[in-house]
Amino acid sequence: MNISPRTAQVVMKASASTAKDQIRNRFWSWVIFVGGALYFLIPLAATFYWSLRAKKDVLGFEAYRKLFADSNFLPSFSESIVNAITAIFISLLIIVPTAYWVMLRLPRLRPVIEFITLLPFVIPAVVLVFGLIRLYSRPPLLFTATYGSSRVLLVCVYAALSFPYMFRAVDNGLRAMDVRSLTEAAQSLGANWSTILLRVIFPNLRVALLSGALLTFAIVIGELTIALYMAQHTLGPYMAELTRSKVYEPSAMAIVAFAITWAAMGIIQLIGRGQAGQIAGGR
Amino acid sequence: MAYLSLSNVSKQFGDSYAVQDFNLDVEKGEFISFLGPSGCGKTTTLRMVAGFEVPTNGTITLDGGNITYKAPNQRNMGMIFQSYALFPNMTVGQNIGFGLRVRKAGKSEIADRVKEMVSLVNLEKHVDKYPYQLSGGQQQRVALARALAIRPDVLLLDEPLSALDAKIRVSLRAQIRDIQRRLGITAIFVTHDQEEALSISDRIVVMYEGNVEQVGTPFDIYNFPQTQFVANFVGSLNTAVAEVKDREKGLLSVDGVQFASAAKMDGLQKGDKVRIAIRPERFSFASEVKKANVVDCQIENITFLGSVVRVHILIGNSKFTMDTFNYPSLALPKIGAEEQVTCSREAVLILGPAEG
């Protein structure tokens, strides 16, 4: 095939301009990426640097040592972890069967359920906690009388706070598989509802459940407003108290909380990577 | 008494009926296909047999017992889906053994049955693989093995070959039929593909708009369609409006060209307009063999379809097609040439009064 010199010139010009555009786009992508990264990393680095200056003129982990040595740190930390795990289980028990049933039998109700699960986003924490205290501080629903009963109420509230994340995670997981066919296949093979949920639906929602659970964990672990007004000794109020009374330990605490959150995200990524192909391929 | 029986079964969704007064008796070991276009009610009927839909009216009995309202997990019916519906979190072996594990069968029994089933569908090498590691055809064979592992009373197949490519579809349908025959299992197969239904079934139920149009063997359905829908839906068909000329002799006229038909003309009068149908393969050139009807025609076009040559002809003002086998010594006329074609009296079917 013969190409005229004029056509060749036009083609070369066009490919040269495409290459220039690509370089320009890549440059601006990097500028935006670096700008965004600095926006997050500079405060983090500054906090980390500040947390290392507990001893005069020496950079070290003194603030972290003091933090872990504080007799209030571990009890509040462990209490928050127990609260978070319990809230995750309550949330899973409510959300998974609900989302499954809505998808299978009541798809028209989906917008309603979606709206209900979004309410914790819409209602500010202060409004929520005063509403809860008003409702649950008198018989027959007296939940604020003791520390233990307040804690039960707090965990239930945390479960409700997790609904927006948990419902979306579970809903996305269910949409990624052919729920109806899998359910009917299991039914035709003799499975009842509990078997279907436990052996077919839950295992295939592993990634979705983990992301929902870990997001919930990340939110609950440092939650302040509700725990403070319910007089709970969890990590959030502990951190607030620390900020008021100490100089370097709050920074160390912020870095520890940040590390825990990122570790949670890392676990989601790690587990998710293993299963994505399996679920997609199974369809 | 029939093994599986559907009596006056109807299913209503809102104001409209998806299935209306469906009646069918299925013998043990029979392979039945529900054939029809989308929305004709074939899948709804299958789902009622499986227990996923409850009939609005009517009764379904299996081996003498009423199963109309029985839950799907208590019916012992194996079902195969278009989307395979394999459990993604389980291996091939675990998928096949699922039904037995649910039934709390012993470990050795499960292992033996899984081994038997993977050998039945020739997947011995893939028993430890996950569904996503298999091709579509292999996944559907796993689904077949899984459905058969529970030794179902009836095997239900909901368009199981639709998602597969043409070659695998043909080989898998032969394999399904072979396994069904070997095991002597009763099977109901839903499809919209007439070739699939004709090639695989003992009997076919042709459905249209929720109603049964015709039930019969593939031979009867193809050669003796009882309604215009069946005639049009199953196979290629030439249809034309004809005028009754002589009821006693079975003579009809298409645009002034006379045809003799063996079809019954009860209730028809001379001058009535009817719709006639002739399969393309029932025509042949009159130069070869002359049959009862010999008519003049003009060759409009010729299309090669591999093993078949389709000749488009004009009889009077009506367009017809004629199919003839393609063989090396075939002498085809030129386009535009005047020819004579022939067909038997039996080839000329009467579908009913011509509408309009």
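**Figure 1. Surroundings of B:C40.** Leaving aside neighbours within four places in sequence, B:C40 is in contact with B:A18, B:M207, B:Y208, B:E209, B:G210 and B:N211. Contact here means heavy atoms within 4.5 Å. The model is predicted: local features need pLDDT of at least 70, side-chain atom pairs count only at pLDDT 80 or more, and totals for chains, interfaces and linings use all residues. Residues are numbered from 1 along each chain as its sequence is written, chains are lettered from A and ligands numbered from 1 in the order in which they are written, and side-chain values use heavy atoms, with hydrogens and water left out. B:C40 sits in the loop between β3 (31-35) and α1 of chain B. Helices (H or I, at least four residues) and strands (E, at least two) are DSSP runs, numbered from the N terminus. Is B:C40 buried or exposed? B:C40 is buried, because its relative accessibility is 1%. The cut-offs are under 20% relative accessible area for buried, over 50% for exposed, and partly exposed in between (1.4 Å probe, protein chains only). B:V190 is 150 residues from B:C40 in sequence, and their C-alpha atoms are 11 Å apart in space.

**Figure 2. The contact between chain A and chain B.** Chain A brings 24 residues to the contact and chain B brings 26 residues. The buried area between the two chains is about 2200 Å², with 60% given by carbon and sulfur atoms. Buried area is the accessible area (1.4 Å probe) that two parts lose on being put together, summed over both. Across this interface the rule finds 1 salt bridge. A salt bridge is a side-chain nitrogen of Lys or Arg within 4 Å of a carboxyl oxygen of Asp or Glu.

**Figure 3. The salt bridge between A:E184 and B:R47.** The closest N and O atoms of A:E184 and B:R47 are 2.6 Å apart. The pair crosses between chains: A:E184 is in helix α7 (residues 179-188) of chain A, and B:R47 is in helix α1 (residues 42-50) of chain B. A:E184 counts as buried at 7% relative accessibility. B:R47 is buried too, with a relative accessible area of 11%.

Figure 4. On a 1 Å grid over the protein atoms alone, a pocket is an open set of points with protein on both sides within 12 Å along at least five of seven lines, whereas a cavity is a set of points where a 1.4 Å probe fits but cannot get out; lining residues have an atom within 4 Å of a point. Grid points are joined across faces, edges and corners, and a volume is the space filled by probe spheres set on the points. Of the 14 lining residues, A:R105, A:E184, B:R47, B:F52 and B:E53 lie nearest the centre. Helix α7(A) gives the most to this lining, with 4 residues. The lining divides into 6 nonpolar, 3 polar and 5 charged residues. Ala, Val, Leu, Ile, Met, Phe, Trp, Tyr, Cys and Pro count as nonpolar, Asp, Glu, Lys and Arg as charged, and the others, Gly among them, as polar.

**Figure 5. The largest pocket.** This pocket holds about 300 Å³ of space. It is lined by 16 residues, and A:N72, A:H233, A:P237, A:Y238 and A:E241 are the closest to its centre. Both α3 (73-104) and α11 (235-245) of chain A supply at least two lining residues each. Which helix gives the most to the lining of the largest pocket? It is α11(A), with 6 residues. By class, the lining has 5 nonpolar, 6 polar and 5 charged residues.

**Figure 6. The largest cavity.** The rule counts 1 cavity of 30 Å³ or more. The volume of the largest cavity is about 40 Å³. Its lining is B:Y222, B:N223, B:R279, B:R282, B:E346, B:A347 and B:L349. These divide into 3 nonpolar, 1 polar and 3 charged residues.

**Figure 7. Salt bridges within chain B.** B:R151 and B:E116 meet in a salt bridge, 3.4 Å from N to O. B:R151 lies in the loop between α4 (136-149) and β7 (154-158) and B:E116 in helix α3 (residues 107-120) of chain B, so the pair ties together parts 35 residues apart in sequence. B:R151 is partly exposed at 44%, and B:E116 is partly exposed at 36%. In a second pair, the closest N and O atoms of B:D323 and B:R310 are 2.8 Å apart. B:D323 in strand β18 (residues 318-325) and B:R310 in strand β17 (residues 308-315) are 13 residues apart. B:D323 is buried, at 14% relative accessibility.
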